[in-house]
Amino acid sequence: MKIIELLNNEKTSISCELFPPKHGSELQNALGIVSEIARIKPAYISITYGAGGSEAGQTVKLAKAVQDNGIPALAHLTCVKSDENKILSILEELKKEKIKNILALRGDLIDGKLDGVFSHASSLVKFIKSHGDFCVGGAAYPEGHPESKGLDEDIENTKYKIDAGVDFLVTQIIFDNTVLYNYMFRLLSARIYVPVVPGIMPVTSAGQIIRICELSGAKLPPQFRAIVEKFADKPEALKQAGIAYATGQIIDLIANGFKNIHIYTMNRPEIIGDIMGNLSEIIK
C-alpha cells in the first residue's frame, strides 16, 4: 500500500521509525525488533539509511521484513556521495521486494562536502519519480533546516521538493507543538498542501536529548527542560516522564486536527507499545 493512501484516510494513524544495525551480524536482532513492533500494529514503519549509504542493503532487508509482517514499509534513501547508477540499483532492489514507499533525503554531509550528482533532496525526488511508481515522502523542518538562513528560505526549498513530486512530508523532531502550528500556517501561506506528519520522539535519557538537540537544532520548551533536569539521574523515571510528555503532545496534535503521527522509537518496541496503550481509546 502507498502511504499517501493511509494519510488521506480519515482514520487516525500512528507510525514509527527503526534504524538498521551497523553490522550485518546484528541483523537478526533487528528482525526481532521488527516482529515485536509489528504486533503493535503501527500504520507503517520507516527504516533509516546509513551515512553515505553504508547500510543501504540493510535498509532494504528490514523494509522487506516489515512488509513480510503485514505492515507497509517506508524506506529512507539519501543521495549524498551517490551517483545515478547507485541510486538506480537501490530502486531496483526496492521494486524487486515490492516496496512502494521512499523517504527521499539529501543526507548528512560527509566531511562538510556536498559531492555527487544529487546536491539536494529535490533532485533525488525527481529521479525516483522518473524511475518507478513510488510514493515519495520528504523531510520538513518546523524550526528551519540547520543549514538554512531562516525559515522562509527553508520553506522555499520545501516547495522545490513538492514541485519535484513529494507526496507527503514528515517533520523533524518537535518538542513544542506551538512551533508546528506556526509552521503549518506558513506552509499554507506558501501554498504547500501535501499531508504533514509530525515527528515525535519520547526522550528516555538526558544524554540522548543533548545529542538530539545538537544534531537537529530542535529547541526544548521550558516545561520539557524542567522534566529532563528533574529526572536526569533517574533513568526509569525519565523514561516514564518522556513517554508521558510525548503522549501529551500526540493527544494535543490529534485534538487540533492532525490524523497521522510519526514516532521516533530508537529501536525500542516498548516505547511505541506504551504510547499506543496510552492512546488506545483515542485512536479507535
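This is a predicted model: local features need pLDDT of at least 70, side-chain atom pairs count only at pLDDT 80 or more; totals for chains, interfaces and linings use all residues.
A crossing of two helices is termed left-handed if the near helix is turned anticlockwise from the far one by less than a right angle, and right-handed if clockwise. Residues are numbered from 1 along each chain as its sequence is written, and side-chain values use heavy atoms, with hydrogens and water left out.

Helices (DSSP runs of H or I, at least four residues) and strands (E, at least two) are numbered from the N terminus. The crossing of α2 and α3 is right-handed. The axes of α2 (residues 27-40) and α3 (residues 56-68) cross at roughly 35° and come within 10 Å; axes are lines fitted to C-alpha atoms, for helices over the stretch in contact, with angles from 0 to 180 degrees between N-to-C directions. Contact denotes heavy atoms within 4.5 Å. On the α2 side, Leu-27, Ala-30, Leu-31 and Val-34 meet Gln-58, Lys-61, Leu-62, Ala-65 and Val-66 of α3.

The structure contains zero disulfides (pairs of cysteine sulfur atoms within 2.5 Å). The sulfur of Cys-79 lies 18 Å from the closest cysteine sulfur, that of Cys-135, which is too far for a bond. Cys-135 is likewise in no disulfide, as the nearest cysteine sulfur, in Cys-16, is 17 Å away.
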